[in-house]
Amino acid sequence: MQTTRIRWITLLVAIAGCQTSPLGRSQLMLVGDAEMEKMGVEAFEQLKSEGKVSSDAQANAYVTCVANAITGALPAKDATGSGPWEVRVFQDDTANAFALPGRKIGVHTGLLKVAKNQHQLATVIGHEVGHVIAKHGAERVSDQFATQIAAQGAGAVLGAVTSPTTQGLAMAALGVGAQGVVLKFSRTQESEADLIGLDRMAAAGFDPRESVPLWKNMEAASQGARPPEFLSTHPNPATRIQDLQKRIPDAQPIADQAHKQGRNPHCG
Ligand SMILES: [Zn+2]
């Protein structure tokens, strides 16, 4: 029986294939871009319908300015999906943000207290967009399907890919499910998102050096009784600060080039 299940997985991988992340890591992909975009759009609609969208015009304008600067400077190969990106601020005290396939970005009001300026906010939005560019959501959905196939057989799982019963799974895999069922990104995925995000925020003309104080602020905010959700699902700030410091000399010329091309964002 076990052998049969492994054969199913092998077959699926052969059909759907492995892809390569922007940093050269091979990824299991059982879900297509169109399916992921549909899941992202549905998840975002669900979040908006829960009534926590902030009506603070100033906060929405500030976050939209930073997000648009980043998405407007994405190279064609990273511009996933089509049409404009939708950006919303959500009334939530946790220092968190997310980006979804289908061109959706959400920022919690709590993050605006931790990210002290536009460059620090760009660090987080760049990181979240980095997860989308590297298809980490699709990778998590694929891993979940592979696990379910191993447990239940392929027929049951593949027949249910688009059914409502898998919607909770999709939202969890996208990182926006109900509390407690959010699947964590792996350390490897986090590091990829950090490095891609740093390059993308620099390409928009933001200061990559501000990524270090951002993560120090995050660390300080986590000293309280209730650490920000963003940190509880993300790796050790000290490690990521070290990795970012190593990358800044590569990102700085990208920012210099952006400034020469007239990309000098002044948000908020
Ligand atoms: Zn992340």
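## Disulfide

A disulfide is counted here as a pair of cysteine sulfur atoms within 2.5 Å. The structure holds 1 disulfide, and this link joins C65 to C267 with an S to S distance of 2.0 Å. The angle about the S-S bond is -75 degrees, which makes the link of C65 and C267 left-handed. Because C65 lies in helix α3 and C267 in the segment after α12 (237-260), the pair ties together parts that are 202 residues apart in sequence. C65 has 31% relative accessibility and counts as partly exposed, whereas C267, at 7%, counts as buried. Buried stands for under 20% relative accessible area, exposed for over 50%, and partly exposed for values in between, with a 1.4 Å probe and protein chains only.

## Model and overall make-up

The model is predicted; local features need pLDDT of at least 70, side-chain atom pairs count only at pLDDT 80 or more, and totals for chains, interfaces and linings use all residues. Residues are numbered from 1 along each chain as its sequence is written, and side-chain values use heavy atoms, with hydrogens and water left out.

The protein chain has 12 helices and 5 strands. Helices (H or I, at least four residues) and strands (E, at least two) are DSSP runs numbered from the N terminus. Of the 268 residues of the protein chain, 50% count as buried. Among contacts between residues at least 6 apart in sequence, 72% join residues at least 24 apart; a contact means heavy atoms within 4.5 Å.

Helix α3 covers residues 57-72, 16 residues in total, and reaches 21 Å from its first C-alpha to its last, close to the 22 Å expected at 1.5 Å a residue. The expected span is 1.5 Å times one less than the number of residues in the helix. The buried residues of α3 are A59, N60, Y62, V63, V66, A67, A69, I70 and T71. Their cover includes the strands β3 (86-90) and β5 (104-108), together with the helices α4 (111-114), α5 (118-133) and α9 (187-203).

Not counting residues up to four places away in sequence, V66 touches Q118, L121, A122, I125, F206 and C267.

## Helix α2

Helix α2 runs over residues 33-49; with 17 residues, α2 reaches 24 Å from first C-alpha to last, close to the 24 Å expected at 1.5 Å a residue. M36, M39, G40, A43, F44, L47 and K48 are the buried residues of α2. They cover an arc of only 165 degrees around the axis, which puts them on the same side of α2. This arc is that of the directions from the helix axis to the C-beta atoms. On the other side of α2, A34 and S49 are exposed.

K48 is buried at 18% relative accessibility. Apart from neighbours within four places in sequence, K48 is in contact with V53, E86, R88 and F90. K48 and F90 are 42 residues apart in sequence, and their C-alpha atoms are 8.4 Å apart in space.

## From α2 to α3

α2 is followed by G51, whose phi is positive, near 80 degrees. S54 is found in the loop between α2 and α3 and is buried, with a relative accessible area of 7%. Leaving aside neighbours within four places in sequence, S54 is in contact with N60, V89, F90, Q91 and T109.

A polar atom of the S54 side chain lies 3.1 Å from the backbone nitrogen of D56. At the start of α3, a side-chain oxygen of D56 in turn reaches to within 3.1 Å of the backbone nitrogen of Q58.

Most residues other than glycine have a negative phi. R103 has a positive phi near 65 degrees; R103 is placed in the loop between β4 (97-100) and β5 and counts as buried at 11% relative accessibility. K135 also has a positive phi, of about 55 degrees, although K135 is not a glycine. K135 lies in the loop between α5 and α6 (136-152) and, at 23% relative accessibility, counts as partly exposed.

Key:
Polar contact = N/O pair within 3.5 Å; in protein donor to acceptor, adjacent residues only side chain to side chain.
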